[in-house]
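Thanks for coming, everyone. Please bring up the structure on your screens, and we'll walk through it together.

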Amino acid sequence: MSNFVKRAISGLLFVVILTACIFIHPVCFFVLFFAINVIGILEFSHLAERVQVSLNRPMCIVCGSLLFTASFVHNYTGYWQGYLVFMVAMSVLCIWELYRKHAHAFQNLAFSFFAMAYLTFPFALLVYFPYLCNGEWQPDIIFFPFLLVWLNDTFAYLCGSAFGKHKLFPRISPKKSWEGSVGGGIITIGAGLAIAPYIDGITIVDAGVISAIVVVFGSFGDLVESMFKRCIEVKDSGHIMPGHGGVFDRLDSILFALPAIFVYLAFAV
């Protein structure tokens, strides 16, 4: 089986599973993203090992799981005290490092905190999106940024393949072009505006801004993850998705876009 076929099948399967879990029930959403968060932290810890950084994997998984769970429970039930448990767990993570006796304890903790901020925090914010817009669970608003990211990635690739001549960031990602980025961005924003009337709680202006955020921040998220991998000389963050690599590879764009969308929704909607 060619790499293209593997990539197409695994990518389609991922889209189907993610879409189904978002729309079937909030608990399905929680289970899927809880698993994605754990896998992402494991992938990040393996990448960190290549630069002689040793994360406390059990505690990083506990802390990341508590943060995501606290956000879900807070929004779904109103119980906010889970965040206090997360804060205590982060303190335990720091104290535990005292007893691990690693030579690079500061780097270990710095990377651990970065893993929370880079991987878990965006998904914790994602849970708040529907409640910021209309005060109740609404899968459309959860799904909207993912759809925009997929459109942007797909059409940036197609436009770049057809018209790409000027490199966007050759030092980090030599295959990306300005033509691809602009073409993908225009189509993504147009699609976002067209979809807006079908999503309760956001206006056409909101949809246009969110689409633009996805185009800009999603593109930079992809470049930042490429920068990480180039620094440690790896091609993929993992191997869970044939043809795509790991969870980190598949969600790099959305991880950067979600915090920016949250800021916009918090102040504008």
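First, a definition: helices (H or I, at least four residues) and strands (E, at least two) are DSSP runs, numbered from the N terminus. Two notes on sources. This is a predicted model, where local features need pLDDT of at least 70, side-chain atom pairs count only at pLDDT 80 or more, and totals for chains, interfaces and linings use all residues. Residues are numbered from 1 along each chain as its sequence is written, and side-chain values use heavy atoms, with hydrogens and water left out.

Now the record. An unreviewed UniProt entry lists "transmembrane region" for residues 12-42, 79-99, 111-129, 141-159, 180-199, 205-226 and 247-267. Positions are in the numbering used here, feature names are shortened, and annotations may be inferred rather than shown by experiment. Take residues 79-99: 86% helix, 0% strand, with end C-alpha atoms 33 Å apart. Residues 247-267 are 95% helix and 0% strand, and their end C-alpha atoms lie 30 Å apart.

Next, one residue. Is Ser112 buried or exposed? Buried means under 20% relative accessible area, exposed over 50%, partly exposed in between (1.4 Å probe, protein chains only). Ser112 has 1%, so it is buried. Ser112 sits in helix H5, residues 105-126. Its side chain reaches the backbone oxygen of Asn108 at 2.7 Å. Leaving out residues up to four places away in sequence, Ser112 touches Leu55, Cys60 and Leu93. Contact here means heavy atoms within 4.5 Å.

Compare Ala103, in the loop between helix H4 (82-100) and H5. Ala103 has a relative accessible area of 77%, so it is exposed. Val53 is 50 residues away along the chain, yet the C-alpha atoms of Ala103 and Val53 are separated by 9.6 Å.

Last topic: helix pairs. Axes are lines fitted to C-alpha atoms, for helices over the stretch in contact, and angles run from 0 to 180 degrees between N-to-C directions. Angles under 35 degrees count as roughly parallel, over 145 as roughly antiparallel, 65 to 115 as roughly perpendicular and the rest as oblique.

The axes of H5 and helix H11 (residues 252-268) come within 9 Å and cross at roughly 45°. So H5 is oblique to H11. Residues making this contact include Tyr118 and Phe123 of H5, and Phe256 and Phe262 of H11.

Now helix H8 (residues 178-195) and helix H9 (residues 204-232). Their axes come within 8 Å and cross at roughly 155°. H8 and H9 are therefore roughly antiparallel. Among the contact residues are Gly185 and Gly192 of H8, and Gly208 and Ser211 of H9.

How values were computed
Polar contact = N/O pair within 3.5 Å; in protein donor to acceptor, adjacent residues only side chain to side chain.
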